[in-house]
Amino acid sequence: MKKLIVLMAALSFTAPLYAQTAAPTSAAASALSDGVVRKIDTENNKITLKHGPITNLDMPGMTMVFQVVSPTLLNGVKVGDAVKFHVEKINGAMTITAIKPAQ
Ligand SMILES: [Cu+2]
């Protein structure tokens, strides 16, 4: 039990540090992938995308649910939109850090 508490304390300490370093700085970190919005869940900060290959995560195209790093990211897109987005693995969850309608 004590071990678990120590682990959780360590996780909660490292999480904000990771969030700070997750800001896109390199080409790979800012790579945009193509997708189409299938569903938006503003209550849970989640979005379902049918996406093309995500090169920075070595993921082939599929339809899946993503977390968004901030609820405001969901304001600029709607169901049916073709979008460009960037996703990072943050604390084990695929998390969208940027998303915008495709031109
Ligand atoms: Cu996927």
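**Strand pairing and burial in a predicted model**

T48 stands opposite V65 in β3. The model is predicted, with local features requiring a pLDDT of at least 70 and side-chain atom pairs counted only at pLDDT 80 or more, while totals for chains, interfaces and linings use all residues. Residue numbers start from 1 along each chain as its sequence is written.

Q: What makes β2 and β3 a pair of strands?
A: Strands are DSSP runs of E with at least two residues, numbered from the N terminus. Two strands pair if DSSP finds at least two bridges between them. Strand β2 (residues 46–51) and strand β3 (residues 62–68) are joined by 6 bridges in the antiparallel sense, so they pair by that criterion.

Q: How do you know that β3 also pairs with β5?
A: There are 2 bridges between β3 and strand β5 (residues 93–101), and the two run parallel; the requirement is at least two, so this is a pair. V68 stands opposite I96 in β5.

Q: Why is M64 called partly exposed?
A: The count of other C-beta atoms within 10 Å of a residue's own, with C-beta placed from the backbone, decides the class: 20 or more is buried, 12 or fewer is exposed, and in between is partly exposed. M64, a residue of strand β3, has 16, so the term is partly exposed. M64 and H51 lie 13 residues apart in sequence and 7.9 Å apart in space, C-alpha to C-alpha.

Q: Why is S33 called buried?
A: S33 belongs to strand β1 (residues 33–41). Its count is 21 other C-beta atoms within 10 Å, and therefore S33 is buried. Buried residues make up 16% of the 103 residues in the protein.

Q: Which residues is S33 in contact with, leaving aside its neighbours within four places in sequence?
A: They are H51, G52, P53, I54, F85 and V87. Contact means that the C-beta atoms of two residues, placed from the backbone, lie within 7 Å. As for H86, 53 residues away along the chain, its C-alpha atom is separated from that of S33 by 6.2 Å.

Q: Where does pLDDT stay under 50?
A: This holds over residues 14–24, for which the model has 10 contacts beyond four places in sequence. pLDDT is the predictor's confidence in each residue, from 0 to 100. The protein averages 84, and 72% of the residues score at least 70.

Terms used:
Helices (H or I, at least four residues) and strands (E, at least two) are DSSP runs, numbered from the N terminus.
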